[in-house]
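Hi everyone, thanks for making time for this one. I'd like to walk you through a single chain today, so please have the viewer open.

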Amino acid sequence: MAGPIAQFEIKPIADLGEIGGIQIAFTNSALFMLIATVGAGLYLFLSARGRTLIPGRWQSSAEILYEFVFTTLRDNTGEEGRRFFPLVFSLFMFILTANLLGMFPYTFTVTAHIIVTFGLAITVFLTVTLYGLIRNGTQFFRLFMPSGVPLVLAPIIVPIELMSYFSRPVSHSVRLFAVMLAGHITLKVFAGFVASLAGLGTLGIVSSVLPLAMTVGITALEFLMAIIQAYVFTMLTCMYLNDALHPAH
């Protein structure tokens with residue numbers, strides 16, 4: 001039986017040649033990122049295609065997701081943050097779809113790779129930084145010196161705030177990556193116990209009941225965490241966008 005880490009191995013599907021001495025390939029990770037993107041887009045398109053005054057189940061679910069993300073963004077950034085809704089909603093739908101997709105057998109969890117989650121986090125970080133500088137100019141740097149703090153404390157507060165600010169892409173990405181990685185490894189370990197014990201005969205089958213129950217429980221927890229982590233990533237994105245819109249607060 002493959003080890004619990006084998007499920008995260010990136011494997012090439014199609015060789016695309018070499019560019020500048022770097023081998024380019026279409027991998028299983030790229031495939032499932034594409035599936036997640038197309039799947040989320042197709043779901044929203046089909047849900048909105050037959051819009052009715054009394055929505056059906058598909059339209060209702062899409063409207064709930066739309067309203068949920070919009071409310072989260074508005075509550076954290078105010079009305080000015082509405083311009084970022086396409087970005088925030090796209091991030092939420094991609095992460096949610098990718099997380100849930102990775103829960104099914106023979107699929108691949110792209111959000112369990114730090115390079116993917118860091119790519120999403122650095123996109124948010126650059127958006128916040130560039131927009132904050134363009135919108136507020138030098139006033140954006142007030143973010144590193146909270147209002148009401150005595151000037152004498154600036155040599156201490158400013159370095160701490162700078163370090164906190166530039167560590168955002170790391171903490172933002174590691175949180176999602178670590179939860180998905182740890183959850184899938186734990187699920188694989190308990191599922192491996194069930195398979196190993198079941199191969200030992202009657203006594204083994206009886207002994208595998210507890211690991212099987214744990215596997216079912218962890219699976220349910222993983223589905224819940226797949227949804228929660230999409231929300232957490234979105235919530236943090238909204239909080240960071242608020243800093244770009246209102247750096248003096």
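Before I point at anything, one convention: when I say helix, I mean a DSSP run of H or I covering at least four residues, and the numbering starts from the N terminus. Val 38, for example, lies in helix α1. And please keep in mind throughout that this is a predicted model.

Let's begin with the overall picture. The secondary structure of the protein chain comes to eight helices and two strands. Along the sequence, the order is β-β-α-α-α-α-α-α-α-α. The C-alpha trace spans about 75 × 55 × 45 Å along its principal axes. Of the 249 residues in the chain, 36% count as buried. The accessible surface comes to about 14200 Å², and carbon and sulfur atoms account for 73% of that. On the charge side, there are 12 positive and 11 negative side chains, and the centres of those two sets lie 6 Å apart. As for contacts between residues at least 6 apart in sequence, 68% of them join residues at least 24 apart.

Now, what does the record say? In UniProt, an unreviewed entry carries the annotation "transmembrane region" for residues 24-46, 84-104, 110-133, 140-158, 178-200 and 212-233. Let me show you two of those spans in the model. For residues 212-233, the span is 100% helix and 0% strand, with its end C-alpha atoms 31 Å apart. For residues 24-46, the end C-alpha atoms lie 34 Å apart, and the span is 83% helix and 17% strand.

Strand β1 covers residues 12-19, and strand β2 covers residues 22-27. The two run antiparallel, joined by five bridges. If you'd like to click along, Ala 14 has Phe 26 in β2 as its bridge partner, while Glu 18 is bridged to Gln 23 in β2. Two residues sit between the strands of this hairpin, and Gly 20 takes a positive phi near 60 degrees. How many of the eight residues in β1 are buried? The count is zero, and β1 is hardly covered.

Next, helix α1, which runs over residues 28-49. I already mentioned Val 38 there. At 47% relative accessibility it counts as partly exposed. Across the sequence, Val 38 and Thr 97 are 59 residues apart, and their C-alpha atoms are 9.8 Å apart in space. Leu 42 is in helix α1 too, and it counts as partly exposed because its relative accessibility is 46%.

Let's move to helix α3, residues 85-101. What is Val 88 in contact with, leaving aside neighbours within four places in sequence? The partners are Val 69, Leu 73, Thr 234, Thr 237, Cys 238 and Leu 241. Val 174, 86 residues away in sequence, has its C-alpha 19 Å from that of Val 88.

The other one is Asn 99, also in helix α3. Is Asn 99 buried or exposed? It counts as buried, because its relative accessibility is 0% and the cut-off for buried is under 20%. Not counting residues up to four places away in sequence, Asn 99 touches Thr 111, Leu 176, Met 180, Ala 226, Gln 229 and Ala 230.

Last stop: Tyr 106, in the loop between α3 and α4, where α4 covers residues 114-136. Most residues other than glycine have a negative phi. Tyr 106, though, has a positive phi, near 65 degrees. At 84% relative accessibility, Tyr 106 counts as exposed.

Key: Residues numbered from 1 in each chain as written. Predicted model: local features only at pLDDT ≥ 70, side-chain atom pairs only at ≥ 80, totals over all residues. Heavy atoms only, no water. UniProt positions renumbered as here; feature names shortened; annotations may be inferred. Buried < 20%, exposed > 50% of the residue type's maximum accessible area, 1.4 Å probe, protein only. Pairing = 2+ DSSP bridges. Contact = heavy atoms within 4.5 Å. Areas by Shrake-Rupley, 256 points an atom, 1.4 Å probe, with all protein chains shown as cover. Lys, Arg positive; Asp, Glu negative; His and termini not counted. Charge placed at Lys NZ, Arg CZ, Asp CG, Glu CD.
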